[in-house]
Amino acid sequence: MVDAHLLEKTRGEVTSLLRDLIRIDTTNPPGNEIQAAKYLAKTLEKEGFVCEVLESKPGRGNVITRIRGSGEKPSLLLLSHLDVVAANPKEWNVDPFAGTVNEGFVWGRGALDMKSMTTIEVMVMKLLKRQHIEPRGDIILAATADEEKGGEEGAGWLTRNCPKKIRADYVINEGGGLAVPVNGKNMYTVQTAEKGILWFKVKAKGTPGHGSIPGAADNAIVRMNNVVRKLERYRSNISLTPTVKQFLTEMAKEHKAAMKTLTKLLEDPAAADPVLDELAKKDRALAEEIRAKLRMTVTPTMIHGGVKENIIPSECEAVFDCRVLPGQTTGDAMDKIKSLLKKMDLEKLEFEIIQANEPSESPLDTALYRNIASTLRKFDSHCVVVPDMLTGGTDSRFLRKLGAVCYGFQPMRSDMPYGQIKSGIHGVDERISIDNLVFGTSVLYTVVERFMT
Ligand SMILES: [Zn+2]
C-alpha cells in the first residue's frame, strides 16, 4: 500500500491535472478529444511512458499506454472516456470549462463524468512507475473518445481496429464506486452489468383529409396514439439477473426502511409491482430505480406529426427508448414490440432501428471483485460493497464483447448529498471534491498494486 504521506503529496497534482483536462473543451459533438489525448500523452511521456495517440477520425483522439508485466498474472485495463456532454454556461454558477477550484471542489463539465476518473487512472499509472512497481501482468491505460455519443469513434473503434492494443482480462471503468449512505454505513457499488439499448422509430401511416370531416380520413396521429399507449403500458416479465439479485439481497440487509419490501420482493419477484408501488409511496426514486432493474422497459421520447391546423395528418413519427436486461437481446425486444402491435394494422406501421447495443454482464465471483471489496474495507472498515446493474450504458460493453471482465468502479465518498452528485452528472454545477480525488487515487492505486503484484 502506498503510504498516506505520498498520497497527500499528489493532492496538488491531481487537482491541476483535472483542471487542465476540464479546460480542454471536449464537448461531444464534436468531441475534439485529440487535444486532451495529446495533453495526457505529454504528461505521461515526461515520466517515461511510451504513449500512442490514435485518431479514429480527424480530431477524435484516443490515448493508450502500458506498463509491461511479467505475464504471470492476468492483464488489467484502466479505461476512461475523454469526451463530455454539452454544458450551458448560462445555467451554471461558474464557467463550466474554466476548471474553477472553490471550497475544496474542482468545478466544471467532466468533473464527475468522467475526467476525474481519467485523472485518477493517470495518477495511478504515474505512482506505479514512481514506486518502481513491477507488475506480474500488463497494466494498460486507455482514455478514449466518443463515449457520450455511443463510443463508435472511441472504445468501439479501438476494439474493431486494434483490439490487441486494449484487450485485457480485466477492465476498470466508470459506472460505479460512489458510496451511498445507508443505515450509517457507506454502500459502495461496483458496476458489473448494464442494460442494452434499443432506440427505434415508428412511423404511422394514414390518409390525409380535411380536419372538418374526420370520418373521411385515416388520422396517423390517432394511430400513433394507440401505439404509444400500448407500448407505454406494456409491463414485460420480471427477471432477476445475478447482479440485481445480489444487489437487492445486500440492500435488504442494510436498508432499514426498505428491508421488508425488498425481502418480499426477493421471495416472489414475479409479484414485484404491487410491492414496489407500496415502496414508491415512501421512496419513489428507489422504487422506480429497482423497477427498471427488473425488466425490459419501453419509453416514448420523441413525437412528431401533422403539418397544418386543418389537415388530418397522413404521417406521424415517434421514437422509443427501449432498455433490455442481460440475458435478452435487442432483436428479441424488437420482435416482442412488433407482436404487441400486431392487432394494429402492422402494414400501416414502419419500424426503423436507430441504435442497438446488446446488454452485458460480468461475473461477480472473481479475484478482482474480491480485491475491490477487501481494499475498500481497508479504507472504510464498516462499508458494504454491492454489485450494481446500470440502466444506462458505458463503454464496458465493447470490452465485455472482447471477453474482458469489466467493473465500473470510481471510488468516491458521498461528501455532498447523494442527489446533488447524481444531478451534477450531465447537469449543472458538476464538481468533485479534492478529497475525493485523493481518496479515489488511494483506493484505485491500492487495488491495482494488490491485484497485479
Ligand atoms: Zn461517462
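At what angle do the axes of helix 9 and helix 10 cross, and within what distance do they come? That was my opening entry today, with the reminder to myself that this is a predicted model.

**Helix pair**

I looked up helix 9 (residues 272-282) and helix 10 (residues 284-294), and found that their axes cross at roughly 155° and come within 6 Å. Angles over 145 degrees count as roughly antiparallel, so helix 9 is roughly antiparallel to helix 10.

Next I listed who makes the contact. Helix 9 brings A272, D273, L276, D277, L279, A280 and K282. From helix 10 I noted R284, L286, A287, E288, I290, R291 and L294. Sorted by class, this contact has eight nonpolar and six charged residues, with no polar ones.

I wrote it down as open, with the order 4-5-19 and antiparallel pairing. Which strands are at the edges? I have strand 4 (101-102) and strand 19 (431-433), each of which pairs on one side only.

I also followed the pairing of strand 5 (residues 105-107) with strand 19, which is antiparallel and runs over three bridges. For V106, I found the bridge partner in strand 19 to be I432.

**Helices on the sheet**

Helix 1 (residues 4-23) lies across strand 4, strand 5 and strand 19, and I noted its angle to strand 5 as about 15°. Helix 15 (residues 434-452) packs on the sheet too, touching strand 4, strand 5 and strand 19.

Definitions and conventions
Residues are numbered from 1 along each chain as its sequence is written. This is a predicted model: local features need pLDDT of at least 70, side-chain atom pairs count only at pLDDT 80 or more; totals for chains, interfaces and linings use all residues. Side-chain values use heavy atoms; hydrogens and water are left out. Axes are lines fitted to C-alpha atoms, for helices over the stretch in contact, and angles run from 0 to 180 degrees between N-to-C directions. Helices (H or I, at least four residues) and strands (E, at least two) are DSSP runs, numbered from the N terminus. Angles under 35 degrees count as roughly parallel, over 145 as roughly antiparallel, 65 to 115 as roughly perpendicular and the rest as oblique. Contact means heavy atoms within 4.5 Å. Ala, Val, Leu, Ile, Met, Phe, Trp, Tyr, Cys and Pro count as nonpolar, Asp, Glu, Lys and Arg as charged, and the others, Gly among them, as polar. Two strands pair if DSSP finds at least two bridges between them.
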